[in-house]
Amino acid sequence: DYVTSVDRKAGELFKAFAEANGLCYEGEEHGSQGRGEKRLVVDPLDGTTNFTRGIPLYDVAAAVYDADKDCVEAGVVHWPEQGVTYAAERHSGAYKRRLNDDDGWESVTASDVESLDEALLCYNRSHHDDEAVELGSQWLQCIIAETNTAPRVYGTGPLDMCLTAEGKLDGLVSPRAEDVHCAGYVVMEESGLVVTARHGSDMHK
C-alpha cells in the first residue's frame, strides 16, 4: 500500500472540516480523534495504488456515523476521474450526479439480476489479514464456479460499491468490512441492495 501526499492533505482537510463542524473524526491516515454523538468517517483517497500508477479507478469517501442510533446516517463517494459523485441518506434513497451536469441528481437503483449464473460480480480484495485473505480466496473459487463471467477486481472499495449500487455490477463480495468504507455501504443499501455480514446477519454500523 502507498500513502501519498494527496492522502495526507485530503485527510487533513477532512479533519479540519470535522473540527469546524463539531464532529469527531475517523480517517484511514489519521485514525480516530475526539468523542461525541456524530463522527465523520473518511477514506481520503481509496485506491491509492491505482492512483500512483495512473489507473483511473480511485475515489474519495466520507460518511456521517451517528453513535446514538448506531448507524451510518449518510455517505458521499466521489470518483474524480469521471467527475461523478454518489450520495445517499438513510431512508432517503441513493443518487449520483456528474460534475457540471445541468440535469442534477439522478436516482441510483441496483440491478434486478437474481441468478448467479447471469450475474457480473465484483470481488473487493483490500489490505486484509491472512485469515480474511484465505476466506476471500475460498469465496473467489466459489464465485468462479457458480458464474459464467469472471468476477471483476478493481482495487477500490467504495467505488466498487457505488458501481454495484447503480447496477453496473450485480453484486459485490468482500472478505472483511472496513469502517472507512461505510459511505459505500449506505449507498448500496439505499439503492435497494441487501448488505449483510458473512453469515447473512445485519451489517449496520
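## Around Met188

Let's start with Met188, which touches Met161, Thr164, Ala165, Leu193 and Val195, leaving aside residues up to four places away in sequence. Bear in mind that this is a predicted model.

## The nonpolar cores

Met188 also shows up, together with Tyr86, as one of the residues with the most contacts inside the largest nonpolar core, a set of 28 residues. At least two residues of this core come from each of strand S4 (59–66), strand S5 (71–79), S6, helix H4 (158–165) and helix H5 (182–190). The top contributor is H5, with six residues.

Apart from that one sits another core, made of five residues, including Ala18, Tyr25, Leu40 and Ala62. As background, nonpolar side chains tend to be buried together in soluble globular proteins.

## The aromatic pair

Searching the whole structure turns up one aromatic pair. Phe51 and Tyr58 are the partners, 5.1 Å apart centre to centre and with 80 degrees between the planes. The pair counts as edge-to-face because that angle is over 60 degrees.

Are the two partners buried or exposed? Tyr58 is buried, at a relative accessible area of 9%, while Phe51 is partly exposed, at 29%.

## Arg90 in its loop

Arg90 belongs to the loop that runs between strand S6 (84–89) and strand S7 (94–98). With a relative accessible area of 14%, Arg90 counts as buried because the value is under 20%. What lies 3.0 Å from a polar atom of the Arg90 side chain? That would be the backbone oxygen of Val72.

How values were computed: Residues are numbered from 1 along each chain as its sequence is written. This is a predicted model: local features need pLDDT of at least 70, side-chain atom pairs count only at pLDDT 80 or more; totals for chains, interfaces and linings use all residues. Side-chain values use heavy atoms; hydrogens and water are left out. Rings of Phe, Tyr and Trp (its six-membered ring) pair if their centres lie within 6.5 Å; planes under 30 degrees apart count as stacked, over 60 as edge-to-face and the rest as tilted. Buried means under 20% relative accessible area, exposed over 50%, partly exposed in between (1.4 Å probe, protein chains only). Helices (H or I, at least four residues) and strands (E, at least two) are DSSP runs, numbered from the N terminus. A polar contact is a pair of N or O atoms within 3.5 Å; within protein, one must be able to donate a hydrogen and the other to accept it, and residues adjacent in sequence count only if both atoms are side-chain atoms. A nonpolar core is a set of buried Ala, Val, Leu, Ile, Met, Phe, Trp, Tyr and Cys residues joined through side-chain atoms within 4.5 Å. Contact means heavy atoms within 4.5 Å.
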